Amino acid sequence: MTRREDIERALKAVRARIPDDRTLIVVTKTFPISDLEILYSLGEREFGENRDQEGAEKAAALSDDVIWHYQGEIQSQKIRSIVAWSDFIHSLDELRHAKKIDAVAAELGKIQNVFLQINLDPEPGNRGGINPIEIDETVGEILAMRNLRLIGVMGIAPLEGDPARAFARLQALSEQVSHLAPQATAISAGMSNDFDIALRFGATHLRVGSSILGSR
């Protein structure tokens, strides 16, 4: 089986499990541009990257109609580059980063779409994301920034525990956010091992990599 045939078979299997009104983001981190070109030829246009340099290189190599999602940890010194090539940032979890993204987006003449990453781990320090008790204050500050567009929330299920419980909590927190920001109804949740569960709890953006491209 050729690489194209392998990707096409896996992509069809994943697509069959996702409703048409949800957004599939193919996570392409560490995979070569040739794989993205195959995905593009198969009709995919939404790709996710975790590293700024890799995302910038791939964005420069592919067609302008590709939509790029940055989902990695945000480092202050990388923000200018990330804003330059990404259409959506899924991992915003600090106000200091929000302020810098807003300023850079203003300089570049764009509105940056962002998801607010919320920590779903019982031990808040174990994973990125804001503490849920900080949601109201954080959302209020983001809404005052002219060059940020808050799309919704993002969450990653804890490594241990029931992902359904985590995604149910994320759905409830999404409703809290949308009361403050009516346009922010999207939920970025679910990866290869748990996106079926995330769908049950309202996930609108699914970040799937290994189920389509294989193990890294």
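Phe88 is buried, and Phe115 is buried too, where buried means under 20% relative accessible area, exposed means over 50%, and partly exposed is in between (1.4 Å probe, protein chains only). The model is a predicted one, so to speak of local features takes a pLDDT of at least 70 and side-chain atom pairs count only at pLDDT 80 or more, while totals for chains, interfaces and linings use all residues. Residues are numbered from 1 along each chain as its sequence is written, and side-chain values use heavy atoms, with hydrogens and water left out.

Back to the rings. A pair of aromatic rings is described by how far apart the centres are and by the angle of the planes. Here, rings of Phe, Tyr and Trp (its six-membered ring) pair if their centres lie within 6.5 Å; planes under 30 degrees apart are called stacked, over 60 edge-to-face, and the rest tilted. Searching the whole structure turns up 4 aromatic pairs. One of them joins Trp68 and Trp85, and this pair is edge-to-face, at 6.3 Å centre to centre with 80° between the planes. Trp68 sits in strand β3 (residues 67–70) and Trp85 in helix α4 (residues 79–85), so the pair ties together parts that are 17 residues apart in sequence. As for what counts as an element, helices (H or I, at least four residues) and strands (E, at least two) are DSSP runs, numbered from the N terminus. Trp68 and Trp85 are both buried. Phe88 and Phe115 make a tilted aromatic pair, with 6.4 Å from centre to centre and 45° between the planes. Because Phe88 belongs to strand β4 (residues 88–92) and Phe115 to strand β5 (residues 112–117), this pair ties together parts that are 27 residues apart in sequence. Ring pairs also link Phe47, Trp68, Tyr70 and Trp85 into a cluster.

A charged side chain meets a ring as well: Arg45 lies over the face of Tyr40, 3.5 Å from the ring centre. The test for this is that NZ of Lys or CZ of Arg is within 6 Å of the ring centre and within 35 degrees of the ring normal.

Next come two helices. Helix α5 (residues 95–108) packs with helix α6 (residues 135–143) at an angle of about 10°, and their axes are 10 Å apart. Axes are lines fitted to C-alpha atoms, for helices over the stretch in contact, and the angles run from 0 to 180 degrees between N-to-C directions. The two helices, α5 and α6, are therefore roughly parallel to each other; that label goes to angles under 35 degrees, with over 145 being roughly antiparallel, 65 to 115 roughly perpendicular and the rest oblique. On the α5 side the contact is made by Leu95, Ala98 and Lys99, and on the α6 side by Thr138, Glu141 and Ile142, contact meaning heavy atoms within 4.5 Å.

Thr138 of helix α6 counts as buried, at 8% relative accessibility. Setting aside neighbours within four places in sequence, Thr138 is in contact with Leu95, Leu116 and Ile130. Ile130 itself lies in the loop between β5 and α6 and is buried at 3% relative accessibility. Not counting residues up to four places away in sequence, Ile130 touches Asp93, Leu116, Gln117, Ile118, Asn119, Ile135 and Thr138.

Helix α7 (residues 163–180) holds Ser174, which is buried with a relative accessible area of 5%. Leaving out neighbours within four places in sequence, Ser174 is in contact with Val153, Ala184, Thr185, Ala186 and Ile187. Leu173 is in helix α7 too and counts as buried at 9% relative accessibility. With neighbours within four places in sequence left aside, the contacts of Leu173 are Ile118, Leu120, Pro132 and Ile135.

Pro158 is found in the loop between β6 (148–154) and α7, and at 15% relative accessibility it counts as buried. The C-alpha atoms of Pro158 and Asp121 are separated by 5.3 Å, although these residues are 37 residues apart along the chain.

Most residues other than glycine have a negative phi. Thr30 is not a glycine, yet its phi is positive, about 75°. Thr30 is placed in the loop between β1 (23–27) and α2 (33–41), and at 43% relative accessibility it counts as partly exposed.
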